[in-house]
Amino acid sequence: MNVGSGMIRHLGRQRLSFGPAIPTGVSEAAGYPTVNGATNTPVQDIHRNGPPNGTPRNGTFTGPLANTRSMRECFEIRSTDAGGRLGELTVPRADVTVETPALLPVINPNLDTISPRRLADEFGAEILITNSYIIHGTEDVREEALANGLHDVLDFPGAIMTDSGSFQLAEYGEIDVTTEEILEFQHAIGSDIGTPVDIPTPPDVSRERAEAELETTQERLEAAEAVDTGEMLVTAPVQGSTYPDLRERAGRHADATDLDVFPVGAVVPLMNDYRYDDVVDAVTAAKRGLGADAPVHLFGAGHPMMFALAAAMGCDLFDSAAYALYARDDRYLTVRGTRNLDDLAYFPCSCPVCASYSPTEIRELPDRKREEALAAHNLHVTFAEIRRIKQAIRAGTLLELVEQRARSHPTMLDGYRTLLDHAAELERTDPVSKGAFFYTSHESARRPEVLRHHRRLDRLSVPDSLLLTEGDAPRGDEFDASWRVEPPFGPFPRALSKSYPLTAEVPDRTDRAAIAAAADGVTRLVESNPDTEFTLAHRGWPATIRDRLPARVELVDLTGE
Ligand SMILES: [Zn+2]
């Protein structure tokens, strides 16, 4: 071994980045949480960082969209984890505050599998969604809704959101109401959150069509702004098909209106085709355009398997028709996918339905009863996943939950890997300190915490000669300092060993992705400190990874190759 021969000459000890008096300064200067005073201040993080893309919220637009307000009064973010957030949506017309992420069960006004009253009492639903266009077109329901109000017709005490018929427009090509008419109707029947008639442009259409339809949608949002809707909140759907730049532009336009809630529209065809990677690209693009404080609804995201992924992107509201539609076909939802009732010998669930009945007993129920039992199970699973997500955001473990869900289906894994392509965006709202970082898959190497550590390496001061080692600190004084190297983070001063995320739990049998990420960290540190001599003592890193390191790094293999 030739560990740093000739490096004793550097005696500039005053530049050491470790030592008894320095740790706090090191962590504060570099933006690390202090060991004992670790604070979780995500909301301040958001404010400090501004909107996701740094675009000024106001002044970007001229004409009718200029001079919009600078804050959404209806939405408040309580805490964040990755891109996910716990928030409160205030719905003034219903006089309720909905905790987000929230699930909106879809109610067909003409047939309810589970009554809205039961949704509230038994499942704790704070908000639901129904279709004003169907109500508008069904004479007896319409007259009753106009006379008594939607809350009375449905018998639901929470907030009621209404869709406009855009879905029918996409399915059947035309509808017979305008944005002004349907918003006035939604207001007249007592909806709490109304929706204009946007154009849900499907995936993969020509750019010309996507642009033309987006223009129409944007005209309708401006028309919606002009409608007197009183206290009713109004949504501003974000379209743009599978063109991320159009989604971002649409998000920026919607954000500059004075509308209140922002559904990302027309992603159902993508989800039906298991194109979760494209869903992630569409949603993250829309989010880049929207302000950080905009409540985001993922329109039509009904399967609980993908809620954690969607929440990690920063979606706050989900609607589910799946619980009822799947029940009609004897399909049983789980957070790891869908099962056919006929294939189940046991129920992998402890909800009241599954605890009371065996699969055989459910199969023997009459059609209507069986559908209701399956719908109830499907709802229990769905609401339980929402609670699990909220707890994960609180505990700072949302990405670990996403990693688990990503193992349910290869296309979910594509979705998670695509989300990690946007780690820099997630990093902006990721808390500086959490309980623990668990490295549970090689995707963990691309988490925002790793990216953040690499960025902070630029801020750490280094001595003239530095040993980076996966082994113990050397006894001699050949180097001015010795830093630890831990995959996936890479190098850090020993004084930061107890700071998040460097306290990570990482498997002893590390993987290539973690080593590659550590090497990226070494490269970053070396490149930002051209005057320092670096030696890296590693435990048998593969040659293909070693070759990516700057040539001037002296390498020592601790495994004695
Ligand atoms: Zn169950």
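This is a predicted model: local features need pLDDT of at least 70, side-chain atom pairs count only at pLDDT 80 or more; totals for chains, interfaces and linings use all residues.
- Five strands make up an open sheet, and their order is S16-S15-S14-S17-S18. The pairing in this sheet is mixed.
- Which strands stand at the edges? They are S16 (490-492) and S18 (554-557). Each has a single partner strand, so one side of each is left without a neighbour in the sheet.
- From one strand to the next, the twist averages 25 degrees.
- Helix H22 (residues 512-527) packs on the sheet, where it touches S14, S15, S16 and strand S17 (533-538). The direction of H22 makes about 50 degrees with that of S16.

**Helices H21 and H22**

- H22 also packs with helix H21, at an angle of about 20 degrees and with the two axes 9 Å apart. That angle makes H21 roughly parallel to H22, because angles under 35 degrees count as roughly parallel.
- The crossing of these two helices is right-handed.
- Which residues meet where H21 and H22 come together? On the H21 side they are Val450, His453 and His454, and on the H22 side they are Ala517, Asp520, Gly521 and Arg524.
- H21 spans residues 448-456, and its buried residues are Pro448, Glu449, Val450, Arg452, His453 and His454.
- The cover over those buried residues includes helix H20 (423-427), strand S16 and H22.
- In general, an α-helix has 3.6 residues a turn, so residues three or four places apart point the same way.

**The "active site" position**

- In an unreviewed entry, UniProt lists Asp163 for "active site".
- Asp163 sits in strand S6, which covers residues 159-163.
- Is Asp163 buried or exposed? Asp163 counts as buried, because 27 C-beta neighbours lie inside 10 Å.
- Setting aside residues up to four places away in sequence, Asp163 touches Ile129, Asn131, Ser132 and Thr195.

**The "binding site" positions**

- The unreviewed UniProt entry lists Asp198 and Ala266 for "binding site". They are spread over 69 residues of sequence yet cluster in space, with a largest C-alpha distance of 10.2 Å.
- Asp198 is found in the loop between strand S7 (193-194) and helix H9 (207-226). Asp198 counts as buried because it has 30 C-beta neighbours inside 10 Å.
- Not counting residues up to four places away in sequence, Asp198 touches Ser166, Thr217, Arg220, Pro237, Gln239 and Gly265.
- Ala266 belongs to the loop between strand S9 (262-264) and helix H11 (268-272). Ala266 is buried too, with 27 other C-beta atoms within 10 Å.
- Apart from neighbours within four places in sequence, Ala266 is in contact with Pro200, Thr201, Pro202 and Gln239.

Definitions and conventions:
Residues are numbered from 1 along each chain as its sequence is written. UniProt positions are given in the numbering used here, feature names are shortened, and annotations may be inferred rather than shown by experiment. Helices (H or I, at least four residues) and strands (E, at least two) are DSSP runs, numbered from the N terminus. A residue is buried if 20 or more other C-beta atoms lie within 10 Å of its own, exposed if 12 or fewer, and partly exposed in between; C-beta atoms are placed from the backbone. Two residues are in contact if their C-beta atoms, placed from the backbone, lie within 7 Å. Two strands pair if DSSP finds at least two bridges between them. Axes are lines fitted to C-alpha atoms, for helices over the stretch in contact, and angles run from 0 to 180 degrees between N-to-C directions. Angles under 35 degrees count as roughly parallel, over 145 as roughly antiparallel, 65 to 115 as roughly perpendicular and the rest as oblique. A crossing is left-handed if the near helix is turned anticlockwise from the far one by less than a right angle, and right-handed if clockwise.
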